[in-house]
Amino acid sequence: MTIHVPHPISPEGCPALVLNADYRPLSYYPLSLWNWQDAIKAVFLDRVNIVSEYETTVRSPTFEIRLPSVVSLKTYIQASRQPAFTRFNVFLRDRFTCQYCQSRDDLTFDHVIPRSKGGQTTWENVVTACAPCNLRKGDLLPRHAEMWPAQQPYQPTVHDLHHNGRHFPPNYLHHSWMDYLYWDTELEP
């Protein structure tokens, strides 16, 4: 099954939050969502349980069903132990913030130890940087540029990325999703 994330997420699209068999989202960022058509298809193929529904109903000549707002997979999908080393995951690890000036605009990535000085393209040497800081640092070592990243680059865990992803919720969150998205927050009395 593919996870389809409509952009932007809108209530009119009736997306379904997809939970693993343990009732945790498959992903927080991007949030694991299926469009309503994929959710209905998964229901008919008996791959998911409907956990919660919208008021909206779809009908065929012989069938009627309320659109699922939350579904859980019947088979548990084991999460990858190590996240892929991608530009997006570097940005997510660094919370979409330049590690030199804290800007959130015009982001790219920077090799802390420049490749021209033997630096590798690895988790431990790449940080998020805005284009002006990246240009200013150039191929200088941090001590020569007098520019040090706010946090030492590191290889994140899937948990680290999920944790950071919670700080960037989509523009729309249906009320039926809330019990599954922030299950580690303190409950109100």
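Arg93 is positioned over the face of Tyr154, at 5.7 Å from the ring centre; a charge sits over a ring if NZ of Lys or CZ of Arg is within 6 Å of the ring centre and within 35 degrees of the ring normal. The model is predicted, with local features requiring pLDDT of at least 70 and side-chain atom pairs counting only at pLDDT 80 or more, whereas totals for chains, interfaces and linings use all residues. Residues are numbered from 1 along each chain as its sequence is written, and side-chain values use heavy atoms, with hydrogens and water left out.

Arg93 is also one of the residues in contact (heavy atoms within 4.5 Å) with Asn164; leaving aside neighbours within four places in sequence, Asn164 is in contact with Leu92, Arg93 and Arg95. Asn164 belongs to helix α5, residues 158-165; helices (H or I, at least four residues) and strands (E, at least two) are DSSP runs, numbered from the N terminus. With a relative accessibility of 5%, Asn164 counts as buried, where buried means under 20% relative accessible area, exposed over 50% and partly exposed in between, for a 1.4 Å probe and protein chains only. The side chain of Asn164 makes a polar contact of 3.1 Å with the side chain of Arg95. Such a contact is a pair of N or O atoms within 3.5 Å; within protein, one must be able to donate a hydrogen and the other to accept it, and residues adjacent in sequence count only if both atoms are side-chain atoms. A polar atom of the Asn164 side chain also lies 3.1 Å from the backbone oxygen of Leu92.

The buried residues of α5 are Val158, Leu161, Asn164 and Gly165. Viewed down the axis of α5, these residues fall within an arc of 130° (taken from the directions from the helix axis to the C-beta atoms), so they line one face of the helix. Their cover includes α2 (87-93).

Five aromatic pairs are found in the whole structure. Rings of Phe, Tyr and Trp (its six-membered ring) pair if their centres lie within 6.5 Å; planes under 30 degrees apart count as stacked, over 60 as edge-to-face and the rest as tilted. Tyr23 and Tyr180 form a tilted pair, 6.4 Å centre to centre with 35° between the planes. This pair links distant parts of the chain, 157 residues apart: Tyr23 lies in the loop between β1 (16-19) and β2 (33-34), and Tyr180 in helix α6 (residues 178-181). Tyr23 is partly exposed, at 38% relative accessible area. The ring centres of Phe88 and Phe96 are 5.8 Å apart and their planes stand at 65°, so this pair is edge-to-face. Phe88 is partly exposed at 35% relative accessibility, whereas Phe96 is buried at 15%. Ring pairs join Phe88, Phe91 and Phe96 into a cluster.
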